[in-house]
Amino acid sequence: MSVPLLELREVSTFYGAIQALRGVSLHVQSGEIVTLIGANGAGKSTLINTVCGSPHARSGRVLLDGRNITALPTHRIMRMGLAQSPEGRRIFPRMTVHENLLMGAQAAGMQDYEAMRDRVFQLFPRLRERLQQRGGTLSGGEQQMLAIGRALMSQPRLLLLDEPSLGLAPLVVRQIFGAIRTLNQETGLTVLLVEQNAYQALRLAHRGYVLVNGVVTMEGPGRELLARPEVRAAYLEGGHAAA
């Protein structure tokens, strides 16, 4: 097997005295969609943030293309080809859609700006219609599209998506997951997806990991995890399967 694009080896992360990740190991090969599912508070967002260097892992190693990035500052890590669409979207609400996309393109030095913007518009046509509208006036689904689009403008090798379906209507969720699939199939973009919506995430992913209280308890191909009774019992209740 080739060197993974991203690898975590026995990573433990703390917030003060509180341990959020406990010896987590996982890997993401170039061109894969890998999903991390788990209940609220399982440590999923902490894992994404640890990859980005905020907070840093207290023990273990985070590797990008085999290079140890565990102790690097966030700005240096992101310049190595990572982009994050964070939980809660965190767009710039007073800036227009156009200005938000410009901010994302800064990380790539504005290279191929128009081509990347057109690619975002192909994935999310609504953003073209809202180009001069302030981000804070968009619907929740449109804000999520903008958050992903802004991340894509940096032309990442690895896209980190944190709860992209959170709080969205089922139709919008399907549109966003369809865009992720299209990106992966047509451009080979590597994606690490953190999700509570296990049904949609595992259907989309090549492989998945289950995180429980900061510990990886299961891993395997997405469809195989989706079929496991313990996964279905724990994560497909409460309407997620129908979303």
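This is a dialogue about how terms are applied to one predicted model.

Modeller: The model is predicted, so local features need pLDDT of at least 70 and side-chain atom pairs count only at pLDDT 80 or more, while totals for chains, interfaces and linings use all residues. Residues are numbered from 1 along each chain as its sequence is written, and side-chain values use heavy atoms, with hydrogens and water left out.

Colleague: What makes strand β7 largely enclosed by the rest of the structure?

Modeller: Buried means under 20% relative accessible area, exposed over 50%, and partly exposed in between, with a 1.4 Å probe and protein chains only. Five of the five residues of β7 (residues 158-162) are buried, so the strand is largely enclosed. L158, L160 and D162 point one way and L159 and L161 the other way. Strands here are DSSP runs of E of at least two residues, and helices are runs of H or I of at least four, numbered from the N terminus.

Colleague: Which strands does β7 pair with, and in which sense?

Modeller: Pairing requires that DSSP finds at least two bridges between two strands. Strand β6 (residues 82-85) and β7 have four bridges, in the parallel sense, and L82 stands opposite L158. β7 and β8 (residues 190-195) have five, also parallel, with L159 opposite V191.

Colleague: Why is the unit of β7, helix α7 and β8 called right-handed?

Modeller: The term applies if, with the strands pointing away from the viewer, the path from the first strand over the helix to the second runs clockwise. β7, α7 (residues 170-187) and β8 make a right-handed β-α-β unit by that rule.

Colleague: Why does K44 with E163 count as a salt bridge?

Modeller: The rule asks for a side-chain nitrogen of Lys or Arg within 4 Å of a carboxyl oxygen of Asp or Glu. In K44 and E163 the closest N and O atoms are 3.5 Å apart, so the pair qualifies. K44 lies in helix α1 (residues 44-51) and E163 in the loop between β7 and α7, so the pair ties together parts that are 119 residues apart in sequence. Both K44 and E163 are buried.

Colleague: How do you know that E7 is buried?

Modeller: Its relative accessible area is 18%, so E7 falls under the limit for buried. E7 forms a salt bridge with R9 at 3.2 Å between the closest N and O atoms, and R9, at 36%, is partly exposed.

Colleague: What makes E129 exposed?

Modeller: E129 has 55% relative accessibility, so it counts as exposed.
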